[in-house]
There are 2 protein chains.
Amino acid sequence: MPKSEFELIAELFAPLAGKGALGLTDDVALIAPRAGRELVATTDAIVAGVDFFPNEAADVVARRALRVNLSDLAAKGAEPFGYLLTLSLPKPVREGWLRRFASGLAADQKAFGVSLLGGDMSSTPGPLSVSVTAFGWVPKGRAILRRGAGPGDLVFVTGTIGDSGAGLRALKAKKREAALIARYRVPEPRVALGLRLRGIASAALDVSDGLLADLGHIADVSNVHVAVIAERVPLSQALRRFDGDVVRAVTAGDDYEIAFTAPRGKRTQVMAAAKAAGVRVSEIGFVAKGRGVALLGQDGRVMPVVKKGWEHF
Amino acid sequence: MPKSEFELIAELFAPLAGKGALGLTDDVALIAPRAGRELVATTDAIVAGVDFFPNEAADVVARRALRVNLSDLAAKGAEPFGYLLTLSLPKPVREGWLRRFASGLAADQKAFGVSLLGGDMSSTPGPLSVSVTAFGWVPKGRAILRRGAGPGDLVFVTGTIGDSGAGLRALKAKKREAALIARYRVPEPRVALGLRLRGIASAALDVSDGLLADLGHIADVSNVHVAVIAERVPLSQALRRFDGDVVRAVTAGDDYEIAFTAPRGKRTQVMAAAKAAGVRVSEIGFVAKGRGVALLGQDGRVMPVVKKGWEHF
């Protein structure tokens, strides 16, 4: 007889439960406040056939679901500590799949110092979907929001841009591009850097819709213009070999790098934070009075971009 | 041209945003701690074709998604204040549907004193699904858990049991049973009573899988035996007319009533709390040493129950 939902939870998920999870024996999680800190909460779902390939390995699905949420916390300067998990599974539910899924969670719990706080598991007639709500702490009032960019600020981004989008194209075209594909499958939340950007960055977010589209969100909310200098956008060697297309890179999305702004006078602090966190940070543009976002070519002229990034519908 | 995701969020959902939601302009919500209180967090998803009928009105879907989560908080004695919403929508996304969905949220935000803190909206190739993570406060250490039931305690339940399950059967059979169907479509979280059960109830949960199955969870976690006396299970007039089947009633699920235990000496306090909250509470059984849950017939003999409640797979 296959194991029941409750047996599977007790066997595979209870060992992942942390403080406040009540051993997954209750419907809720209890989160004790920490003095002088605010709780940062974020939620993101990933769906088979939309956000990952239906045949993706279970541990990769788990890590991706967790990491896209940790990335949101990282961009706010929050220290992650736990998450709730909602798992909607097509029937029949296979124990082996769940076991591997749980092993992916276990690996990333260790890597990022987080634990499972609770959740909900059910069957669905639709595709597999994994919804995570992740929690972190920031010192009160020090979360890095989208709305703090000001004219004169510089624009920065971590890592390299466009690898994940190229990895997705490679997967679809059945091309072997291991490095790019790896970046698509398992993003790298920039948690260590995010913590160091508190008090330095004026605005930040993680790049999920596409670098231009996401900087457009900062521009909208901060009521400023953001200019990105195309030749400064950091492209990996692998991407240069693949197509080296900067317009595609800045509109592809799924990078899960942190794009942020900081006052010009804090450039040295930005670079020191990058060094301390062991993360590449590139200065890619500037903030000005005005509206919207623009990609500037070598001659300083605005490059035409048909679609700035991913739209869900 | 149809409105973009961002326009729809700004128009329909931003007006629902509360303190800490940052006007839905960011990826996260900020929750400021309250002195002496713990945060209670719970998450539950509902899926079209599984948890509600695919043709259900959008405002009812919204209210149901919110209420099944508020019910979890109520059973813990938590005071709800906010929620995150993940909406996975089949294409094409219709503005009219979303508008009505938002109106359902607005109505229940007012009814329960909660506000939208953030979320995630995306398209899905599968059925519509709505995942909510809801938050409430309890004074530190005073959440009512599943694990506190002790031998000698009495067992209570709010409202009437089995109406929702009968409503679902009526809907499937296309029978007109307005009262029962209404209870299935829009459950009534017992928030006011839950708050008053702090310090009185020794264990509690909301009845979602089925009264027997859920009391079985309390029995498992508290390491006790729970006995339910069949003739004491509160059945509504509508249910008595429909089929009056108590075994079906205690195994049907979706009641979203609070089942709880309390020491015998607190019976008077339980009844006073019920009166103050304006909620019917029935004493339906007792806790003893041992394991598992049993339904007792008129002669005190254990009634045979094939399946104690809903299992997700």
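Biologist: How far apart are the C-alpha centres of domain 1 and domain 2 of chain A?
Modeller: The C-alpha centres of domain 1 of chain A and domain 2 of chain A are 26 Å apart. Domain 1 of chain A covers 5–139 and domain 2 of chain A covers 154–296, with bounds from an automatic or database domain assignment. This is a predicted model, where local features need pLDDT of at least 70 and side-chain atom pairs count only at pLDDT 80 or more, while totals for chains, interfaces and linings use all residues. Residues are numbered from 1 along each chain as its sequence is written, and chains are lettered from A and ligands numbered from 1 in the order in which they are written.

Biologist: How many residues does each of those domains of chain A give to the contact?
Modeller: Domain 1 of chain A gives 16 residues and domain 2 of chain A gives 17 residues. Contact is when C-beta atoms, placed from the backbone, lie within 7 Å.

Biologist: Which elements of domain 1 of chain A give two or more residues to that side?
Modeller: Those are α2 (58–75) and β3 (79–89) of chain A. The largest share is from α2(A), with ten residues. Helices (H or I, at least four residues) and strands (E, at least two) are DSSP runs, numbered from the N terminus.

Biologist: And what does α2(A) lie across?
Modeller: α2(A) lies across β2, β3 and β5 (129–139) of chain A, and runs at about 140° to β2(A). For such angles, axes are lines fitted to C-alpha atoms, for helices over the stretch in contact, and the angle between N-to-C directions runs from 0 to 180 degrees.

Biologist: What's the strand order in the five-stranded sheet?
Modeller: That open sheet goes β4(A)-β3(A)-β5(A)-β2(A)-β1(B), with mixed pairing. Its edge strands, each pairing on one side only, are β4 (115–123) of chain A and β1 of chain B. From one strand to the next, the twist averages 20°. Strands pair if DSSP finds at least two bridges between them.

Biologist: How many bridges join β2 of chain A to β1(B)?
Modeller: Three, and these two strands run antiparallel. Within that pairing, V40(A) is opposite L30(B) of β1(B). β3(A) and β4(A), on the other hand, pair in the parallel sense over eight bridges, where L84(A) faces G118(A) of β4(A).

Biologist: How many residues of chain B are in contact with chain A overall?
Modeller: 55 residues of chain B touch 55 residues of chain A. On the chain B side, the elements giving two or more residues are β1 (29–31), β2 (37–47), β3 (79–89), β4 (115–123) and β5 (129–139). β2(B) gives the most, with ten residues.

Biologist: New topic: where is V207(A) found?
Modeller: In the loop between β7 (203–206) and α7 (211–222) of chain A.

Biologist: Is V207(A) buried or exposed?
Modeller: V207(A) is buried, because 29 other C-beta atoms lie within 10 Å. Buried means 20 or more such atoms, exposed 12 or fewer, and partly exposed in between, with C-beta atoms placed from the backbone. Leaving out residues up to four places away in sequence, V207(A) touches D214(A), D255(A), Y256(A), E257(A) and A259(A). F260(A) is 53 residues from V207(A) in sequence and 9.8 Å from V207(A) in space, C-alpha to C-alpha.

Biologist: Over to chain B. How many residues of α4 are buried?
Modeller: Seven of the ten residues in helix α4 (residues 163–172) of chain B are buried, among them D163(B), L168(B) and A170(B). The buried residues of α4(B) pack against α5 (178–185), α8 (237–242) and α9 (246–252) of chain B. Just after α4(B), K174(B) has a positive phi of about 55°.

Biologist: And what order do the six strands of the chain B sheet take?
Modeller: β7-β9-β6-β10-β8-β11 of chain B, an open sheet with mixed pairing. The edges are β7 (203–206) and β11 (293–296) of chain B. Strand β8 (residues 225–229) of chain B is joined to strand β10 (residues 281–288) of chain B by four bridges, running antiparallel, and V228(B) has G285(B) as its bridge partner in β10(B).

Biologist: Which strands does helix α7 of chain B lie across?
Modeller: Helix α7 (residues 211–222) of chain B lies across β6 (154–158), β7, β8, β9 and β11 of chain B, at about 155° to β8(B). Helix α2 (residues 58–75) of chain B lies across β7 and β9 (258–262) of chain B, at about 175° to β7(B).

Technical notes. Contact = placed C-beta atoms within 7 Å.
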